[in-house]
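Visitor: Hi, I have a structure to look through. Can you walk me through it?

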Amino acid sequence: MDLQTLILKLSAYWASKGCLLEQPWDVEVGAGTMHPATFLRVLGPEPWRAAYVQPSRRPTDGRYGANPFRLVKHQQYQVVLKPAPADVQDLYVESLVALGIDPKEHDLRFEEDNWESPTLGAWGVGWQVLLDGMEITQFTYFQQAGGIDLAPITAEITYGLERITMFLARRESVFDIEWAPGITYGEVRRQDEYEVSKYGFEVADTALWQMLFERFEAEAVRCLGAGLVLPAYDFALKCSHAFNILDARGAVSATDRVGVIRRVRELAVGCANAYVASRKTLGFPLLPKAPSGPAEDEAGNG
Amino acid sequence: MAEFLFEILAEEIPAGVLPAAREELLSRATAAFAEARLGGRLAVHSTSRRLALVGEDMADHQRDAETEVTGPPVSIGYDADGAPTKAATGFARAHGIAVEDLRVASLPKGAYLVARKVTPGRPANEVIGEILPPLVEKMTFPRMMRWGDGTPEWIRPVHSVLALFDGLVIPMTLFGVESGRTTYGHRSLAPGRIVTMGVSDWLQKLRAAHVEPDVSVRRARLEDLSRALAAEVGGEPADDAALLDTWAHLVESPGVVRGSYDPAFLELPEEILVTSMREHQKMLPVRAGGQLAPHFLAVCDQTGDPKGLIARGNEWVTAARFSDARFFWDDDGKTRLEDRLPRLGKLQFQEVLGDYLKKTGRIQDLTEKLAARLGLSHLDGMLVRAARLVKADLVTDMVREFPDLQGVVGGLYARRDGEREEVWQALYDHYRPASADDGVPRGDVGGVVALADRLDTLTGLFGLGLAPTGSRDPYALRRATLGVVRILLDKKWRLDLPAACADAAALHSGLPRTKDELLPELSSFLLERLRFLLESKGHAPDTVAAVLTTACPDLADAAERVEAVEALRKEQDFGPLATAFKRMQNILEKAPDEGAELDPAKMTDDAERALALDYLQARGMLDDLVANHRYRDALSIMASLGPSLDLFFTEVLVMAEDPEVRANRIALLRSIRDQFVRVARFSEIRG
């Protein structure tokens, strides 16, 4: 199977399960979790089901396109189901069947793997899903985001697209998988990997990124002050990316590290609280509509 | 007799928590059933998705409970004619019994009326239905989770609750799930609903649905399969009982597949291949003739692998991991350890204690000081080299990928860099002993560097007031301390440890606590670990106490004294010596030290002279024996003083009227006591 067929099949499957097909977020992120369709939507009482591809950048994972498994930029297929339905594991297994994997013939196991993001003030509990010994998915029940205890609980399913394609196609290098019939991942991305690795490790102007971090942070704070949640969150994401670049460049000392992570977390916490307040003001519009008028008023005034 | 069955079906429960969860469920339920007077025997079962209790020989009702309540005194309960008063009738009525059923009990405070009440036992299924939900819901796990609307909290979401007492459903609700008689089979092999009538029906139907609920059966099966599969390729599974335990908790249907990898990977160091298989993939390596064979065994939750898909998948993953390791091995090899040192300056060891480059500097300085104290200064060249490189592997990709291999990777890289054997082995070994069954560093260079690293950490963190408290030991200082003790004992190094700790403390700057505060605390912490180690070797706690209550700057020497006392205790009774020592101790505690010199001329009694003579003769030999650590011989000589000591205490009054005579006798006893405590404080020894 090639990469885009995998994406098409997952999208068709999750759309059939009531997921809205979101699009990738257009700001640099380290993981699909940071997309507002996950990080913000898991907050508050409103139900939400979405699926999307999210290109994710991790400058420290750069290997100049020379390592068959490591990429600065890889792609995650992210599914969020809120509240997590009782049969969420079955739904997930069914998605594998949709990819042509028969669980009766394979070894499918859910092994404990909890997730924590200090920069987002978020953590969850769950598993890595192993198919014949290969980790193909991260399965997480979100417990907290932006320092807020979540209720209801969201299930987050993150498929590693390159890995699954490699595994299904039995290719030993990510660059050898087919993106589309007749064109390999390497042909599309290898030079990018070389360039972004070189940039992150050798070229990035640390003074510039240091300055950008400060400015983005200030701008995020200013947006929060103006009650603009999403712009504030975008700048928080940009801070996080700036930190990742500085980190790859070796420009964050161990002592600074804790402080910088705390500053990004404070922005994330601020955005999370502002988002919940804003949705509340809007009357949590995605909550199931109450049949009579007064209930809506109640929500509106809440 | 009745039977009882209870099964919680949940989403996959982490293998790591299952042993404790089984124990907690069984012990809590056993205690609660006993308290509820239910009788019977409970057993626990589990799989990766289930926790279950099975009860046998249960009574169908609780035992009746009898309680007695004390009422008014007889003198108030009956009037002069012996007729019950209002006090008696009121008391009886309050407890629901007839006044003629009140009994008289004679209590220490007098004769009182007593109401005995019998509460008839309730049906067992009713009681169990009340006991279990709070018991299960209050189980504790290292990391709990909430699900659904965010209210229930347990280790993983619960899907069904099966509860039967003698075939009848025990009604209860657990995390909002109603109990019933249904469960479900294996997730992929037989996911259908199963209706059960009782324990044997449950076992039979689960097994037919590819679920083996008995963890010991699963483990035995996994072990058998592993041996058989390894034997097919002429090898045997690596010996790893802990991994087999984990495997058994990871599955419902115990299966094993064997896979192979390209023998070319065997060029990589075995340590790396084994760690990759074991830690990253939970695989058992296959060995043949003491060497790694290019095969592995992997657990699977399956009945078999007829198409070889599972084996092929695991092979692919293994090849991917090994290629990754080879990439790191080759890539890291482009930079010598030596050239990595500047990057240690960016890796923080501890906020106040600084980065690893600073730590490296301190280890280097301390290594030289330790070598001087240990008479190993001829090794200085190699010590300095090893100390300089000892932390450099922390900034390699290999250690980032395999953190458990820190030290080992440094050693392997140093060997590749062409460092001398003593040096690379020192790097390789410096975290040893990692556990109770692990050895200490092979060579002297490794031993000294390992000591320096640990003493630096210990003095630094104790100096910051970060000594372990209770179960909190985030810096693993207990293990570091035990490492210090093990190295000194195994190498029989005679080190003045308090002085070495002072050396280490002097190399830190900016510590909030002074040396006078931290060093005594660290000393007693070290001695506590020594006590733990000696007792766990089987030495009697009173012997260990007898030695450790004397001055013990040299731990290896203290251990030798413990061994000598223990050896001699097997041959002779130390009771009389302990008694004599206690008498000396008691007298000396009360007697002021007048600093008198022992003077034979001032002796007035034969028993006194005899003791002094024996003692002076012994002392000449003791000095020599103690100096040469010949403690068994020293002890024999001390024990030989027993009879003359006994005679002395029988015949001689120490507190004589004549002050000079008295001072002389006290001086005699003090000299003897001081000789004894060079080995042990015998008053600690129980007869």
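Guide: Terms before places. Helices (H or I, at least four residues) and strands (E, at least two) are DSSP runs, numbered from the N terminus. This is a predicted model, where local features need pLDDT of at least 70, side-chain atom pairs count only at pLDDT 80 or more, and totals for chains, interfaces and linings use all residues. Residues are numbered from 1 along each chain as its sequence is written, while chains are lettered from A and ligands numbered from 1 in the order in which they are written.

Visitor: Where is A:Pro83 found?

Guide: In the loop between strand 3 (73-82) and helix 3 (88-98) of chain A. The peptide bond from A:Lys82 to A:Pro83 is cis, with omega near -5°.

Visitor: What joins A:Ala151 and A:Pro152?

Guide: A cis peptide bond, with omega about -5°. A:Pro152 sits in the loop between strand 8 (148-149) and strand 9 (155-160) of chain A. Most peptide bonds are trans.

Visitor: New topic. Is A:Asp132 buried or exposed?

Guide: Buried, because A:Asp132 has 27 C-beta neighbours inside 10 Å. The cut-offs: buried is 20 or more other C-beta atoms within 10 Å of a residue's own, exposed is 12 or fewer, and partly exposed is in between; C-beta atoms are placed from the backbone. Phi of A:Asp132 is near 50°, a positive value in a residue other than glycine.

Visitor: And how many residues of chain B are in contact with chain A?

Guide: 36 residues of chain B, with 36 residues of chain A. Contact means C-beta atoms, placed from the backbone, within 7 Å. Helix 9 of chain B gives the largest share of chain B's side, eleven residues.

Key
Two residues are in contact if their C-beta atoms, placed from the backbone, lie within 7 Å.
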